[in-house]
Amino acid sequence: MSLLPFPQPVQPDTDAFTDFVVHAQLMLDPATPESVRREAEPRLLGQLPTLLALGVFDLFAIRDPALRNLVQDELASLRARAG
């Protein structure tokens, strides 16, 4: 119970990095149905601003070429809008 006079923000079940990895694995798994992939992609891309701000892509590289291109294209778009 909170003693604060206003509602507390809802905490996400996972952090941005975990959410990104889980959805990347779904997208890369050949057994994942196409409908699930279509749902996973926006969730994965939605984590990019947070991961970019944390410098994750300065530390880690995505090995899968298709996923790497998807992420690089979205990051370029984010940087262009920011700057």
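The side chain of Arg-37 reaches the backbone oxygen of Asp-29 at 2.5 Å, a polar contact (a pair of N or O atoms within 3.5 Å; within protein, one must be able to donate a hydrogen and the other to accept it, and residues adjacent in sequence count only if both atoms are side-chain atoms). Keep in mind that this is a predicted model, where local features need pLDDT of at least 70 and side-chain atom pairs count only at pLDDT 80 or more, while totals for chains, interfaces and linings use all residues. Residues are numbered from 1 along each chain as its sequence is written, and side-chain values use heavy atoms, with hydrogens and water left out.

**Arg-37 and its surroundings**

- Arg-37 sits in helix H2; helices here are DSSP runs of H or I with at least four residues, strands are runs of E with at least two, and both are numbered from the N terminus.
- A polar atom of the Arg-37 side chain also lies 3.1 Å from the backbone oxygen of Met-27.
- Arg-37 has a salt bridge too, with the side chain of Glu-34 (3.9 Å, N to O); a salt bridge is a side-chain nitrogen of Lys or Arg within 4 Å of a carboxyl oxygen of Asp or Glu.
- Both Arg-37 and Glu-34 belong to helix H2, and they are 3 residues apart, about one turn of the helix.
- Glu-34 is partly exposed, at 45% relative accessible area; on this scale, buried means under 20%, exposed means over 50%, and partly exposed is in between (1.4 Å probe, protein chains only).
- If you skip neighbours within four places in sequence, Arg-37 is in contact with Leu-26, Met-27, Asp-29, Pro-30, Ala-31 and Thr-32, where contact means heavy atoms within 4.5 Å.

**Helix H2 as a whole**

- Helix H2 covers residues 34-46, and its 13 residues should span 18 Å at 1.5 Å a residue; the end C-alpha atoms are 19 Å apart, which agrees.
- That expected span is 1.5 Å times one less than the number of residues.
- The buried residues of H2 are Arg-37, Ala-40, Leu-44 and Leu-45.
- Those buried residues pack against helix H1 (16-28), helix H3 (48-54) and helix H5 (65-82).
- Gly-46 is also in helix H2, and Gly-46 counts as partly exposed at 46% relative accessibility.

**Asp-19 and the other salt bridges**

- How many salt bridges does the structure hold? There are 3.
- One of them joins the side chains of Asp-19 and Arg-43 (3.0 Å, N to O).
- Asp-19 lies in helix H1 and Arg-43 in helix H2, so this pair ties together parts that are 24 residues apart in sequence.
- Is Asp-19 buried or exposed? Asp-19 is buried, with a relative accessible area of 7%, whereas Arg-43 is partly exposed at 43%.
- Not counting residues up to four places away in sequence, Asp-19 touches Thr-14, Arg-43 and Gln-47.
- Gly-46 and Asp-19 are 27 residues apart in sequence, yet their C-alpha atoms are 9.6 Å apart in space.
- Glu-74 and Arg-81 also form a salt bridge, with their closest N and O atoms 3.7 Å apart.
- Glu-74 is partly exposed at 23% relative accessibility, and Arg-81 is exposed at 59%.

**Aromatic pairs**

- The structure holds 2 aromatic pairs; rings of Phe, Tyr and Trp (its six-membered ring) pair if their centres lie within 6.5 Å, and planes under 30 degrees apart count as stacked, over 60 as edge-to-face and the rest as tilted.
- Phe-17 and Phe-60 make a tilted pair, 6.0 Å centre to centre with 40 degrees between the planes.
- Phe-17 is in helix H1 and Phe-60 in the loop between helix H4 (56-59) and H5, so the pair ties together parts that are 43 residues apart in sequence.
- The ring centres of Phe-20 and Phe-57 are 6.0 Å apart and their planes are at 75 degrees, so this pair is edge-to-face.
- This pair links distant parts of the chain, with Phe-20 in helix H1 and Phe-57 in helix H4, 37 residues apart.

**The nonpolar core**

- The largest nonpolar core has 15 residues, and those with the most contacts inside it are Phe-20, Leu-44, Leu-48, Leu-67 and Val-71.
- H1, H2, H3 and H5 each supply at least two residues of this core.
- A nonpolar core is a set of buried Ala, Val, Leu, Ile, Met, Phe, Trp, Tyr and Cys residues joined through side-chain atoms within 4.5 Å.
- Phe-20 counts as buried, at 7% relative accessibility.
- Leu-44 touches Phe-20, His-23, Ala-24, Met-27, Leu-67 and Val-71, not counting residues up to four places away in sequence.
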